[in-house]
Amino acid sequence: MSAQTLYDKIWDAHAVGTRADGQTMLYIDLQLLHEVTSPQAFAGLALHGRGLWRVAANLATPDHNVPTENRELGLAGIEDAVAKQQVVTLDDNCRRYGITQFDILDPRQGIVHVVGPEQGATQPGMTIVCGDSHTSTHGAFAALAQGIGTSDVEHVMATQCLVQSKAENMRVAVDGALTEGVYAKDLILAIIGAIGTAGATGHTIEYMGSGVLELSMEARMTLCNMSIEAGARAGLVAVDDTTLEYLHGRPRAPQGELWDLAHDYWLTLHSDDDAEFASGFQIDAATLIPQVTWGTSPELVVGIDSATPNPDDAPDPAQGQSLQLALDYMGLAADQPMVEIGLDRIFIGSCTNARIEDLRAAANVVRGRKVAKRIKQALVVPGSGLVKAQAEAEGLADVFLEAGFEWRAAGCSMCLAMNPDRLQPEERCASTSNRNFEGRQGHGGRTHLVSPVMAAAAAIQGRFVDVRSLL
Amino acid sequence: MRSFERVTGIVAPLDRLNVDTDQIIPKQFLKSIKRTGFGDNLFDAWRFADEGAIGKTPNERRLNPDFVLNQSRYQDARILLARRNFGCGSSREHAVWSLLEFGFRCVIAPSFADIFLSNCFKNGLLPIVLEEEVIDELFEMVNACTGFEVNVDLPAQAILLPAGERFEFAIDPFKKRTLIEGLDDIDLTLDYREEIAAFESRHRQRMPWIFIN
């Protein structure tokens with residue numbers, strides 16, 4: 001057999017066959033469900049009198065529009081009646097079909113992409129889908145994990161298959177190690193800045209190289225999480241000891257003989273040495289500095305030592321116009337240094353950066369310091385109930401609270417502002433989330449994407465600052 | 001699924017790169033548990049000068065007169081002309097539902113984001129990919145001529161222009177058939193239910209740990 005990429009291997013292990021329309025039916029091992037993109041899928045099933053193909057392949061938790069305050073009230077704490085109906089509908093559907101759900105009161109509830117790995121539900125070599133584009137997160141475990149639309153959610157419920165054509169292979173090689181104060185978030189932002197938000201469209205990315213091997217599982221999740229911001233539906237990292245150590249002993253991970261069996265298979269989950277990739281990109285991690293987005297697309301990013309671009313310098317008028325629109329929306333001028341940009345709110349959270357290591361790193365910057373007076377609100381929203389509990393046990397919650405941060409319950413929160421946590425028009429936010437699109441964090445709000453330590457540093461200074469000067 | 005064969009209609013030009021699904025349908029309107037009711041909030045932050053809320057109808061809102069879809073010449077447009085990487089961002093299928101409900105049946109662009117593209121085919125919204133130069137030419141024509149109408153003919157794989165000119169486009173033959181016949185995608189897969197069951201049984205033997213939970 002010819003040399004295969006990791007993507008080829010997982011694809012081949014799940015290809016049921018080819019449908020008459022030429023597309024492949026890919027068997028799906030795990031479907032993660034949340035309240036926003038599943039109700040119409042459940043309704044579609046009922047409408048056609050169809051059942052779930054394999055109930056145990058589904059795992060649900062509400063995350064997108066759950067409030068991060070008054071959590072002890074459960075459903076009664078959701079003031080928005082329309083949002084509440086979605087959460088109630090997820091409860092009803094899970095009960096009706098017998099799907100395991102970590103509901104709003106369950107300590108394991110959280111952002112679906114934090115919960116899956118934390119529970120050991122996310123395992124190497126699996127095919128995973130979810131009606132959420134950041135499903136790419138799970139690729140950190142060498143799982144082929146893709147975001148899908150609601151019609152496909154219903155399709156997978158009914159058939160256990162996702163029907164698609166195979167993507168191309170793309171290799172992103174990361175050489176060297178990140179230096180102090182520079183994180184996986186900076187790495188992925190720099191990659192997106194270089195290849196663009198459509199740079200990996202039609203491809204599955206595999207991140208490899210010495211720089212990736214050194215990353216923790218949580219950092220790899222941050223990296224894979226934003227593959228979609230580069231246009232790729234899925235990002236992958238090969239299995240190594242770091243992967244296995246993370247998984248061992250987690251509630252849904254195999255144990256005993258099954259662990260041994262799985263372990264042997266998992267160690268085959270890497271690209272063969274001479275495997276071919278349709279495209280590639282190389283980046284030196286050692287020379288990277290902290291990154292900040294300045295515009296309304298994740299590709300509009302610069303190092304903290306740089307300034308906003310000048311649209312007059314754009315290679316063509318269309319791009320110049322695009323840059324100008326972004327500057328106008330963001331309320332910024334051309335050639336404005338990033339360190340001069342002041343902030344109104346700080347958001348530390350989201351499926352990109354709300355795991356325990358993120359909170360530890362941010363707390364290290366915050367410890368013994370105070371949130372700047374000009375900051376109206378600085379939020380920390382842990383990725384799951386378990387992350388929250390662990391952070392509290394480690395004393396991190398107190399560090400944030402003493403500095404003037406608010407400490408909230410788990411959910412997507414201000415990453416997409418479907419719940420009450422949101423920006424007001426023209427408010428500017430340093431956010432550890434993944435999208436800086438217009439209005440993403442609230443109508444008229446302005447989002448700058450950064451790492452957790454950069455968000456923490458911005459909270460302390462009230463403006464962007466190179467966090468390395470505070471370490 | 002809603003079928004697509006031919007559509008004749010006004011073309012509306014949306015001259016922006018990387019239009020993301022957060023723009024197509026902002027998240028505050030995703031709270032419905034139905035597939036309908038999203039058309040009123042298509043491009044909400046661009047179409048309206050005020051902030052929308054669920055249940056507020058367009059009649060109660062202030063229109064943004066500068067936004068292209070609000071110009072009288074583009075009322076009743078059925079074809080959206082767009083720039084590259086259209087539909088990037090979130091996987092929300094609501095973006096496709098809102099475009100359809102607003103009245104669009106076809107989006108023409110140099111490139112689309114993958115998940116959006118897949119969602120189009122599941123709902124009978126025809127995405128047409130054309131070369132960047134052809135798109136530029138179309139933008140010029142649309143801007144130059146009020147009431148610019150084209151006929152999108154899927155069986156012929158062509159966009160027929162008023163002056164008799166035609167732009168041909170490529171489309172996967174099977175996707176084309178699915179759209180024309182409006183086939184139910186789940187039924188198409190369930191035709192293979194025995195193959196899926198047989199695969200699952202082999203898969204369970206090979207990787208039993210996947211099936212323990």
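Here is a short chat about reading a predicted model with chains A and B.

Trainee: How are things numbered and lettered here?

Mentor: Residues count from 1 along each chain as its sequence is written, while chains are lettered from A and ligands numbered from 1 in the order in which they are written. The model is predicted, so to speak of local features pLDDT of at least 70 is needed, side-chain atom pairs count only at pLDDT 80 or more, and totals for chains, interfaces and linings use all residues.

Trainee: In what order do the strands of the open sheet in chain B run?

Mentor: General idea first: strands of a sheet pair through backbone hydrogen bonds, either parallel or antiparallel. Helices (H or I, at least four residues) and strands (E, at least two) are DSSP runs, numbered from the N terminus, and two strands pair if DSSP finds at least two bridges between them. In chain B, 7 strands form the sheet in the order S4-S3-S2-S1-S5-S6-S7, with mixed pairing. Strand S4 (126-129) and strand S7 (166-168) of chain B are the edges, each pairing on one side only.

Trainee: How do S1 and S2 of chain B pair?

Mentor: Strand S1 (residues 6-13) and strand S2 (residues 77-81) of chain B are parallel over 4 bridges. For a spot to look at, find Ile10(B), which stands opposite Ala77(B) in S2(B).

Trainee: How many residues does each chain give to the contact between A and B?

Mentor: Residues are in contact if their C-beta atoms, placed from the backbone, lie within 7 Å. Chain A gives 59 residues and chain B gives 51 residues. On the chain A side, H5(A) gives the most, with 6 residues. That side divides into 24 nonpolar, 25 polar and 10 charged residues. Here Ala, Val, Leu, Ile, Met, Phe, Trp, Tyr, Cys and Pro count as nonpolar, Asp, Glu, Lys and Arg as charged, and the others, Gly among them, as polar.

Trainee: Which residues of helix H12 in chain A are buried?

Mentor: Buried means 20 or more other C-beta atoms within 10 Å of a residue's own, exposed means 12 or fewer, and partly exposed is in between, with C-beta atoms placed from the backbone. In helix H12 (residues 356-366) of chain A, the buried ones are Ile356(A), Asp358(A), Leu359(A), Ala362(A), Ala363(A), Val365(A) and Val366(A). They pack against several elements of chain A, including strand S15 (345-348) and helix H15 (452-461). Just after H12(A), Gly368(A) has a positive phi of about 75 degrees.

Terms used: Contact = placed C-beta atoms within 7 Å.
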